Amino acid sequence: NKTPPPGPQDTLPPDSADVLVLMQAKNCNTCGSGGAELRCPCKAVLYCNVTCQKAQWKQHRQKCTVHLEKKLREATAELGEEDEEVLRQTFELGMLCFSQDKLAEAEVRLKECLRLLKEVWDYDHPSYHSALANLGMVYRRQGKLEEACNLYRQALPLTERSFGKQSVEAANIIDKIATVLGNMGRAEEARQHYAKAHKIMCRQLGPDHRESIRVKSNMDNTMSSLGAAPPLDFEERERHLAHLKATLPSGSPAEFPEQHNSIVCALLTISQSYLDNGKLEEGKAKVEEGLEFVRKIHTEKHADEGSFLVRLAQYHTIREEWDEALKLVKRASRIFKKTLGADNKQVLECVISSANMLDKLERLDEAHDTYEEGVNICRKYGHNRKIGHLLGCMTKMKLKLDDKESATELLREATRANREYGFEDPASAAMLTMMGMQVLGDDFGDD
């Protein structure tokens with residue numbers, strides 16, 4: 001018995017300036033020719049024809065989720081779920097789904113691993129820490145940051161017990177904890193964890209090893225993005241990116257998810273820095289490089305593609321090219337819904353951005369309805385602190401449409417929401433106060 005390894009078209013207008021960037025590459029997985037249309041049932045690869053599909057099957061079946069699901073069902077029926085081979089196949093299928101951004105499926109499989117480890121092995125299995133850590137990766141990808149952090153913290157002492165407190169394996173878990181803490185805005189805790197992980201990596205592998213440099217790059221980018229460190233200069237960011245690409249192991253994202261993700265994060269970070277500093281063409285070039293990288297390693301739609309499309313929309317927003325920006329944000333929203341789920345905060349951010357752009361385009365009724373869609377998402381999935389702000393935006397649209405009666409009702413609703421859930425930020429409170437005085441006058445303070 002083997003132990004599981006530690007640890008996954010919309011058509012654009014032909015005159016669009018970015019049509020070549022946005023088209024999904026359709027290359028045959030066997031011969032590499034473009035225009036491949038025959039898709040494997042797993043939806044992960046394309047082929048020119050049946051001949052190419054058969055020629056590649058021996059290799060692809062090892063990564064075909066449909067084939068592996070069938071094998072898992074057969075193994076479970078033959079061996080019983082208490083057999084370690086069933087655990088191994090469940091684990092590998094979960095990680096493969098993760099690498100293909102099939103996050104809901106990955107979550108189901110990795111939760112099943114934890115259930116088997118609890119019920120069959122009573123946690124006494126060398127892969128328990130890996131299952132915890134990899135489910136944490138899925139949760140982080142889904143935006144469930146507290147859940148991800150809790151799983152990483154559970155995995156750390158088990159990893160230290162198996163490999164040692166100063167091991168590379170432990171440093172990798174600490175690096176994951178640091179990243180999630182950074183995502184939650186907890187800069188000082190993130191810094192401490194990154195420093196600890198980097199120190200272990202340097203001691204075990206040397207400061208010039210790709211893993212040591214990856215952790216250092218993660219720390220620098222996170223601290224800079226949180227305003228907890230001076231911004232890195234562009235040359236230093238480019239050097240970090242070049243080193244990450246030069247030391248990327250030859251293997252799939254399923255085999256090296258953190259290394260591939262580091263390149264994606266570096267490209268997103270440097271493109272944002274260029275855009276923030278007015279270097280628009282340099283920023284756009286990095287976005288296009290990121291799109292090419294993501295589409296090269298993921299045939300199916302992937303959430304990283306949505307992230308780069310949002311960056312490209314930002315480029316067009318700065319240039320006040322609202323129509324192009326709107327198309328890109330809507331495209332990104334569809335990708336996020338498909339890959340991360342409708343409850344993910346990135347979907348909500350895309351909806352809000354779309355509404356803002358519709359406002360800029362003076363499509364006020366559409367903007368109002370899109371803000372309302374955002375309110376419904378907030379209420380359904382518990383993003384309550386944004387409700388008052390979005391109701392305020394709806395009020396603004398009604399005022400622009402000279403519908404004072406509707407604006408008054410929305411304003412009262414926004415005020416109640418902010419009293420119940422709190423203001424998202426001071427700017428939201430200021431906007432609401434200003435509109436309150438405009439609509440209700442002296443009666444606003446008494447509402």
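Me: In which helix is Gly283 found?

Reply: Gly283 is found in helix 13, residues 280-297. Helices (H or I, at least four residues) and strands (E, at least two) are DSSP runs, numbered from the N terminus. This is a predicted model, in which local features need pLDDT of at least 70, side-chain atom pairs count only at pLDDT 80 or more, and totals for chains, interfaces and linings use all residues. Residues are numbered from 1 along each chain as its sequence is written, and side-chain values use heavy atoms, with hydrogens and water left out.

Me: Is Gly283 buried or exposed, and which residues does Gly283 touch?

Reply: Buried means under 20% relative accessible area, exposed over 50%, and partly exposed in between (1.4 Å probe, protein chains only). Gly283 has a relative accessible area of 0%, and is therefore buried. Contact means heavy atoms within 4.5 Å. Not counting residues up to four places away in sequence, Gly283 touches Ser271, Tyr274 and Leu275. Gly283 also lies 9.9 Å from Gln314, C-alpha to C-alpha, although 31 residues separate the two in sequence.

Me: How many helices and strands does the protein chain have, and what share of its residues is buried?

Reply: The protein chain has 20 helices and two strands. Of its 447 residues, 51% are buried. Accessible areas come from the Shrake-Rupley method with a 1.4 Å probe, and for residues only the protein chains shown count as cover. The accessible surface of the protein chain comes to about 21400 Å², and carbon and sulfur atoms account for 49% of that surface.

Me: Which residues touch the most other members of the largest nonpolar core?

Reply: In soluble globular proteins, nonpolar side chains tend to be buried together. A nonpolar core is a set of buried Ala, Val, Leu, Ile, Met, Phe, Trp, Tyr and Cys residues joined through side-chain atoms within 4.5 Å. Here the largest nonpolar core holds 102 residues, and Phe308, Tyr371 and Leu391 touch the most other members. Leaving aside neighbours within four places in sequence, Tyr371 is in contact with Ile352, Ala355, Asn356, Leu390, Cys393, Met394 and Met397.

Me: How many disulfides are counted?

Reply: A disulfide is a pair of cysteine sulfur atoms within 2.5 Å. By this rule the count is zero. As to the setting of individual cysteines, Cys378 counts as buried because its relative accessibility is 0%, whereas Cys202, at 22%, counts as partly exposed.

Me: Which residues of helix 5 are buried, and against which helices do they pack?

Reply: An α-helix has 3.6 residues a turn, so residues three or four places apart point the same way. In helix 5 the buried residues are Leu103, Ala106, Glu107, Leu110, Cys113, Leu114, Leu116 and Leu117. These buried residues pack against helix 4 (84-99), helix 6 (128-142) and helix 15 (322-339). Helix 6 is itself mostly covered, with 13 of its 15 residues buried. Just after helix 6, Gly143 takes a positive phi of about 85°.

Me: How many salt bridges are counted, and which residues are linked in a network?

Reply: Side chains of opposite charge can pair when their charged atoms come close. A salt bridge is a side-chain nitrogen of Lys or Arg within 4 Å of a carboxyl oxygen of Asp or Glu. The count comes to 26 salt bridges. One of them joins the side chains of Arg115 and Glu81 (2.8 Å, N to O). Arg115 lies in helix 5 and Glu81 in the loop between helix 3 (65-79) and helix 4, so the pair ties together parts that are 34 residues apart in sequence. Glu81, Glu112, Arg115 and Glu119 are linked in a network of salt bridges.

Me: Are Asp175 and Arg214 buried or exposed?

Reply: The side chains of Asp175 and Arg214 meet in a salt bridge (3.0 Å, N to O). This pair links distant parts of the chain, with Asp175 in helix 8 (residues 168-183) and Arg214 in helix 10 (residues 210-225), 39 residues apart. Asp175 is buried, with a relative accessible area of 1%, and Arg214 is buried, with a relative accessible area of 2%.
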